[in-house]
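Colleague: I have a model open on the screen and would like to walk through it with you. Could you take my questions one at a time?

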There are 2 protein chains.
Amino acid sequence: MSTNLKLLAKELGLSISSVSKALRDSYEISAETKKRVREMADKLNYQPNPFASSLRRKKSITIAVVIPEIANNFFALAMDGIQMVAQQKGYHVLTYLTHEDHKNEESTIQQLKGGRVDGVLLSLCRDTADVKHLASLHETGIPLVFFDRVPETMECPTVTTDDYESGYKATEHLIKAGCKKISCLSLSNYLSITHKRMKGYEDALQHHNIKLDPKWVLQCTNDNATNLAMITKMLNKKDRPDGIFATVEKLAISTYYVCQDIKLKIPQQLKVISFSNLRTASLLNPSLSTITQPAFEIGKESAALLFRMIEKKTFGNRIDKIVLKSSLIERDSSKK
Amino acid sequence: MSTNLKLLAKELGLSISSVSKALRDSYEISAETKKRVREMADKLNYQPNPFASSLRRKKSITIAVVIPEIANNFFALAMDGIQMVAQQKGYHVLTYLTHEDHKNEESTIQQLKGGRVDGVLLSLCRDTADVKHLASLHETGIPLVFFDRVPETMECPTVTTDDYESGYKATEHLIKAGCKKISCLSLSNYLSITHKRMKGYEDALQHHNIKLDPKWVLQCTNDNATNLAMITKMLNKKDRPDGIFATVEKLAISTYYVCQDIKLKIPQQLKVISFSNLRTASLLNPSLSTITQPAFEIGKESAALLFRMIEKKTFGNRIDKIVLKSSLIERDSSKK
DNA sequence: TGATTTTACGAAAACGTTTTCTTTTATTTT
DNA sequence: AAAATAAAAGAAAACGTTTTCGTAAAATCA
């Protein structure tokens with residue numbers, strides 16, 4: 001079949017071990033032999049078998065990225081950052097999409113316990129309530145770093161953003177723009193990012209003496225049509241909010257669609273601000289005020305942290321919690 | 001370390017081979033033994049070592065996806081489709097980003113020759129001029145399917161869209177909206193998609209007796225700032241186009257930014273239509289007329305084709321060329 | 001010169017599966 | 001009951017590396 005060490009050794013009149021050592025630039029092999037070996041390897045287009053190598057060395061040179069979805073600006077950017085670091089380190093990247101279903105998350109994690117990868121980067125799905133599967137992966141000793149959507153009940157390395165502060169600032173921004181009845185659109189009641197963003201929302205309201213009305217906290221689903229219906233229902237009422245804080249991008253987009261549909265004017269009748277990594281935020285009608293997370297950097301930092309854990313396991317008693325800052329960008333959708 | 005067949009066999013008082021067969025549900029093993037084995041495997045949380053398995057079976061249960069970028073609506077959607085099929089087939093997916101640099105493409109392909117994957121899905125980078133590396137991968141016998149950005153000079157299975165027709169229709173659409181001086185923004189002069197889309201543009205002009213003016217065919221680069229400058233320069237001239245056909249999404253976005261910057265009104269002063277998978281196309285100011293490729297389906301079809309090739313190598317003498325249809329969606333940016 | 005170290009290479013075991021080929025035991029047939 | 005067959009399990013080789021250990025020959029030392 002394809003050329004392997006055995007064939008190479010035969011061609012060169014050397015032993016398999018010597019050829020292997022020569023290719024790995026071992027000090028045990030003379031310079032001229034190394035040269036001969038390398039030339040023959042090139043000539044025969046030798047590529048080492050990664051499985052044999054991984055089996056023997058107990059190293060896969062591969063990491064896994066487990067995320068809810070990829071057709072999502074935030075995750076695509078984070079992925080970009082991860083890939084950059086991985087490529088630089090010479091690692092391969094396996095991607096798994098959970099599509100917000102914890103069943104997929106669990107089975108993926110189960111698979112990864114087999115040792116297919118040297119480390120795992122993960123962002124939880126919206127319906128992950130318990131983290132037994134993750135704790136169990138952690139126990140196998142495979143380095144695991146969470147980013148953005150991290151578990152609340154587990155001691156683990158994480159890379160996140162200042163979600164509480166961002167939620168607070170976003171809400172305060174709406175208040176200062178004159179909103180009195182501010183709705184919060186949330187993705188999940190399991191995720192810590194939602195909890196934190198909403199806590200910021202609640203605290204901002206309280207500090208500005210606005211009573212939180214539970215009817216304006218919308219628990220959205222994973223189904224777009226349902227979300228549109230929920231938002232439409234809320235905005236069609238006489239007593240409707242005058243501001244919306246969307247904790248994730250897609251809910252802001254849904255809001256825009258609803259407003260287009262029911263002819264509600266942003267920002268005159270409804271002000272909107274949202275977490276978002278839309279590159280077209282400033283081209284929307286009206287341009288969308290956003291809290292923008294440094295998604296690419298989150299990816300980079302997460303991967304860098306993971307590699308630190310992979311490379312020096314000894315320092316593993318320390319648990320890193322990296323927090324990056326998001327930025328609030330005021331645009332027309334929240335104009336006074 | 002982790003539990004393997006040896007340990008399992010010892011615990012069960014069986015041989016390694018019997019345990020292996022039991023887990024693979026071989027007819028050589030009795031039903032009750034199988035049950036015992038499975039229970040013990042569960043109890044000890046056994047996960048087969050994928051490298052040992054791949055080494056022995058010469059199967060990686062893994063495919064590679066090589067794409068220019070992931071922070072791109074088209075590729076993210078295609079990836080989603082690919083992942084869906086792969087997951088369904090029980091395959092793992094390795095992702096490689098070339099960032100539009102053929103050096104990366106080449107080194108990635110070189111790596112993949114080692115047999116790390118059972119098949120490759122690839123979309124060329126904009127500067128891939130020659131395809132030696134791809135032909136060479138093809139020769140190793142690893143199934144290879146191209147999607148969207150496919151090579152022109154190589155016989156190979158492809159999944160594409162009706163790029164010529166789309167280019168023609170987009171241009172004709174602008175003509176019918178009253179445009180006389182239509183510019184075409186192109187990404188690369190190596191890619192067949194660009195050639196086809198531009199050929200459609202050229203033919204549409206010709207059929208409507210509009211002479212093609214080369215100064216309105218803009219060869220854009222991979223650098224955003226440069227593109228902005230080029231577009232700005234063109235649109236700032238006295239003699240500027242009254243319509244723009246962008247062959248890729250990002251160039252339409254750049255156009256919007258330029259128009260916002262130099263206060264050129266779309267569609268009154270400039271009509272725009274673009275290839276795009278933006279979910280916010282209809283929320284832009286003004287809403288963007290698009291040719292939308294079925295990106296998710298392209299991913300699905302490509303993966304399905306690849307798996308057909310992986311599964312029955314014998315039928316490999318036939319070369320599939322799948323062509324899907326894009327749809328032209330008229331919105332305000334090209335209104336009369 | 002003889003003893004010691006260094007240099008360069010080879011032999012062989014190991015990594016954890018899968019699979020072919022035997023072998024043992026149980027069952028059926030004559 | 002002996003012979004033939006079927007069922008169930010085990011032994012061992014193979015997949016292609018890496019790495020430890022061993023050993024010639026060459027170089028250095030006393």
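Colleague: Which strands does helix α9 of chain A lie across, and at what angle does it run to β6(A)?

Modeller: Bearing in mind that this is a predicted model, helix α9 of chain A, residues 192-207, lies across β6 (182-186) and β8 (243-246) of chain A, and it runs at about 170° to β6(A).

Colleague: And what sheet do those strands form?

Modeller: In chain A there is an open sheet of six strands, ordered β7-β6-β8-β9-β10-β12, and the pairing in it is mixed. The edge strands are β7 (217-219) and β12 (327-329) of chain A, each of which pairs on one side only. From one strand to the next, the twist averages 15°.

Colleague: In what sense do β10 and β12 of chain A pair?

Modeller: They pair in the antiparallel sense over three bridges, with β10 of chain A covering residues 289-292. Within this pairing, I291(A) stands opposite L328(A), which belongs to β12(A). As background, strands of a sheet pair through backbone hydrogen bonds, either parallel or antiparallel.

Colleague: Stepping back, how many helices and strands does chain A have?

Modeller: The secondary structure of chain A comes to twelve helices and twelve strands. Chain A is more spread out than a compact globule, because its radius of gyration is 26 Å, well over the 20 Å that the globule rule gives for 336 residues. Taken along the principal axes, the C-alpha atoms of chain A fill a box of roughly 90 × 40 × 30 Å.

Colleague: What percentage of chain A counts as buried?

Modeller: Of its 336 residues, 49% count as buried. As for the contacts in chain A with a separation of 6 or more, 73% of them are accounted for by residues 24 or more positions apart.

Colleague: Changing topic, how many residues of chain A are in contact with chain B?

Modeller: There are 34 residues of chain A in contact with 34 residues of chain B. On the chain A side, the elements that give two or more residues are α4, α5 (73-89), β2 (92-97) and α11 (249-262). By class, that side of chain A has 18 nonpolar, twelve polar and four charged residues.

Colleague: I was also looking at L77(B). Is it buried or exposed?

Modeller: L77(B), which lies in helix α5 of chain B, counts as buried because it has 21 C-beta neighbours inside 10 Å, the cut-off for buried being 20 or more.

Colleague: What is L77(B) in contact with, apart from its neighbours within four places in sequence?

Modeller: L77(B) is in contact with A71(A), as well as with N277(B), A295(B), F296(B) and G299(B).

Note on methods:
Residues numbered from 1 in each chain as written. Chains lettered and ligands numbered in written order. Predicted model: local features only at pLDDT ≥ 70, side-chain atom pairs only at ≥ 80, totals over all residues. Pairing = 2+ DSSP bridges. Helix = DSSP H or I, 4+ residues; strand = E, 2+ residues; numbered from the N terminus. Axes fitted to C-alpha atoms, helices over the stretch in contact; angles between N-to-C directions. Contact = placed C-beta atoms within 7 Å. Rg over C-alpha atoms; globule rule 2.2 N^0.38 Å. Buried ≥ 20, exposed ≤ 12 C-beta atoms within 10 Å, placed from the backbone. Nonpolar A, V, L, I, M, F, W, Y, C, P; charged D, E, K, R; others polar.
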